[in-house]
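Reader: Could you walk me through this one, with the cut-offs spelled out as we go?
Author: Gladly, here it is.

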Amino acid sequence: MNTVVDRQIQAFRDQFQRVRDEIARVIVGNEDVVANVMTCLLARGHVLLEGIPGVGKTKLVQTMADAMHLRFSRVQFTPDLMPGDIIGTSIVREDDSGKKFFEFQRGPIFSNMVLADEINRATPKTQSALLEAMQENSVSAGGSTHALDQPFFVLATQNPIEMEGTYPLPEAQMDRFLFKLKLDFPDVGQLHTIVDRTTQQNEPEVERVLEREQILDMRETVRAIPVARPVQEYAIRLTLATHPESSGGHEMARKYVRFGSSPRGTQSLILGAKVHALMNDRVYVSCEDVRAVTLPAMRHRILLNFEAEAERIDPDQILQRILETVPEPKE
Amino acid sequence: MKDREVIHAALHEIARRILLNRVLRELVYAAGVVLFSLLVFQLIRPAAGRAGMLLVAGLGIGLACFCIYVAWRAFRRVPLSQAAGEADARARLRDELKSACWFLTNEGATPFVREQVARAARTAQHLDPAALVPTRTPRNLPVVTALAVLLAATSWVMPQLSHSWETLARHDRPAYPKEAADLRARLKELPPDPEVQQVEQALSVIERPEASAEEVERAVKAVREAGEQMNMRAAAASEALADLAATMAGRADLARAAGALEDGRTQEAMAQIQRAVRDAAEGGMDTDRETLQRTLRIVEEADAVMQARNEIAEIQREMQDFHALSAQHSPYSPGQPDPSPPPEAGRVQLHSGGVSQLGARLRLDDDESKQEGSGVGMGSGDSPSLALEGASTARLDVQLQLEAVRIESGEGGEPADASWFLVPSREQAAAAGLASVREGQAYTRADVMSPARIPLRQRQLVKDYFINLHESQDQ
């Protein structure tokens with residue numbers, strides 16, 4: 001018996017899968033990253049992408065925007081980039097009668113998908129303008145507030161090398177991103193495929209497989225997924241396990257973590273888990289879904305201490321240990 | 001059936017099975033702890049001594065509290081949410097039943113919740129609780145079984161572990177009250193001599209289960225002393241009978257009785273004397289009859305003493321066996337001195353002092369005109385009777401010959417009657433060597449007079465002889 005919910009879930013899965021397949025025509029490998037970017041989009045979050053230059057960060061975002069029929073804009077962050085360059089600025093215009101007036105010229109942020117390339121190269125002031133827009137889904141300029149089009153989705157990229165002259169995002173700003181994803185360097189087979197696809201006359205192109213309205217419906221579906229208290233309890237336990245001062249803090253967190261995840265981390269876990277559950281044809285969130293999104297949802301929310309830096313411990317190692325040891329609620 | 005009922009029915013069955021397994025596991029665990037405690041208690045109980053009862057009380061209270069705690073743990077209710085969690089984990093349902101269970105009790109009925117519950121109900125319908133939560137034998141059951149076997153072994157195969165502790169609690173008191181009672185029953189047939197009463201009193205002490213080890217030791221010592229006393233009395237009686245036999249040998253009508261006495265056949269001797277008494281009565285010889293009657297009484301008394309000595313010696317020997325056996329069971333005994341008498345203690349010892357009065361009386365009976373002064377001294381014991389004041393003295397070699405009468409060789413160079421040759425106790429042997437007496441027969445007077453050659457035991461006799469001789473010369 002196919003209920004409405006059944007059909008809704010089935011449609012969600014189909015659409016999700018269609019986008020993934022379409023992106024896979026252009027982007028080689030990194031299927032998990034693609035899925036996680038989609039998860040963020042559907043969970044109304046934003047993504048921080050981290051990877052060395054040339055691994056396809058910009059291409060991924062551009063392809064995704066093409067596949068989903070969304071308006072796409074790219075901002076290359078530089079030290080001299082000003083907030084107005086992102087959100088727009090008021091300019092003086094003259095009407096037919098010669099009367100002058102201010103008109104707000106929308107910046108590149110007024111798109112559905114914004115690629116903030118190398119966000120850590122801009123000054124904190126410019127970064128804050130973007131991050132405020134991400135949080136509020138609106139822009140205030142010239143005494144008026146301008147709502148951003150939905151879906152509004154920011155993909156910020158960070159280059160982990162060449163850190164000189166950059167302005168690393170403060171932890172509070174990092175917290176605004178739902179997921180932090182790492183793009184791995186492609187392996188030999190993937191490199192062959194990349195070379196084959198991009199060095200010939202006809203590069204593959206993506207088709208539009210998802211409309212804006214469908215994305216908004218999918219977002220609503222995600223929010224409708226119920227979460228039982230035991231599963232929520234598990235997500236909270238994981239969050240608390242990252243806190244060195246907490247009674248539920250993990251041993252490794254006590255040793256290597258200066259500050260644990262914020263409550264936004266728990267929200268990210270649940271939202272990401274909901275999308276993961278839907279993708280696996282479930283109408284409820286399980287602990288397994290929570291575990292599946294723990295690394296991307298939490299890794300940028302853990303601030304390591306000097307000891308961890310000295311011992312080259314990264315947040316993923318700590319989170320893996322936490323996942324191994326924190327028990328699921330039994331009832 | 002509604003989704004809720006389907007889910008609840010499945011979860012109730014799973015909860016019941018979880019409870020059953022938990023009860024089994026907890027009971028076996030509790031049994032293991034109890035058995036282990038009992039085993040440890042069994043092993044340390046002997047060492048606990050008088051603190052045993054305190055230990056029992058403490059252990060009992062502790063185990064009772066533990067059992068109550070285990071029962072509470074085992075029988076507490078299994079909530080449905082726990083059953084759901086268990087089912088999810090075992091059937092790899094990814095929290096489906098757990099979530100459904102929670103939604104059924106807490107969440108509003110949104111379409112997604114209804115859908116989830118419906119899906120969970122379908123899953124629950126296909127669950128096999130018996131396969132999901134099978135009744136399992138607790139893993140520690142073999143250990144508990146082994147403990148039970150071990151406990152049974154320590155309780156039954158090694159009874160001393162379970163039974164000797166009371167004995168040990170009374171400071172290694174040797175335990176043979178039943179045997180002591182049997183021995184005491186045998187004393188009832190004996191005449192109420194002081195020695196017999198002493199033995200009876202000692203056995204009654206041993207009979208008491210609450211008697212301490214010290215009391216038992218004292219009782220054993222008293223029996224040994226009574227036995228030695230009885231030995232001396234028997235030795236004296238034997239000598240008296242020998243003297244009597246020598247005296248009676250001079251009369252033709254008592255020759256057979258004398259022979260019987262010499263051979264140790266006192267019953268036959270008594271019969272002969274009784275016949276002589278009757279003959280004297282028929283012949284109207286009143287004086288002779290009275291003498292014969294006195295002789296008969298002496299023989300009867302001597303016979304009773306001999307019998308009592310034999311019986312006490314037998315009792316003493318059996319007590320020695322029991323005591324040694326019970327001492328083996330006691331870990332504290334080996335270090336203690338052996339309270340049992342030496343092996344030769346059961347034999348009658350030869351004492352010179354015991355003969356004196358009886359011999360003197362017989363001699364007086366033979367010729368009362370010879371009586372000078374009065375006979376004094378003890379009829380028993382190893383102290384010699386006092387010499388008759390003013391009595392005519394016999395030659396020293398004669399007296400010494402009398403002393404050695406018991407070891408006169410019979411046919412073939414062997415003692416005439418082995419029972420006459422009584423080995424003295426160690427104490428007595430230290431005081432007087434019988435062999436020296438025998439060897440001394442052939443000594444010259446000078447040899448005899450030499451203090452170094454006179455056995456300790458006979459020095460008093462020699463001294464008395466010379467004192468009397470001196471007094472006789474004065475007279």
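Reader: How many residues does the contact take from chain B and from chain A?
Author: This is a predicted model, where local features need pLDDT of at least 70, side-chain atom pairs count only at pLDDT 80 or more, and totals for chains, interfaces and linings use all residues. Residues are numbered from 1 along each chain as its sequence is written, with chains lettered from A and ligands numbered from 1 in the order in which they are written. Two residues are in contact if their C-beta atoms, placed from the backbone, lie within 7 Å. The contact takes 19 residues from chain B and 18 residues from chain A.

Reader: Which element gives the largest share of the side of chain B that touches chain A?
Author: Helices here are DSSP runs (H or I, at least four residues), as are strands (E, at least two), numbered from the N terminus. On that side of chain B, the elements giving two or more residues are α3 (80-91), α4 (96-106) and α5 (111-125). The largest share, 6 residues, comes from α5(B).

Reader: Does A:E207 count as buried or exposed?
Author: A:E207 is found in the loop between α7 (188-198) and α8 (212-224) of chain A. A residue is buried if 20 or more other C-beta atoms lie within 10 Å of its own, exposed if 12 or fewer, and partly exposed in between, with C-beta atoms placed from the backbone. Because A:E207 has 10 C-beta neighbours inside 10 Å, this residue counts as exposed.

Reader: What percentage of chain A counts as buried?
Author: Chain A has 14 helices and 11 strands. Of its 331 residues, the share that counts as buried is 44%.
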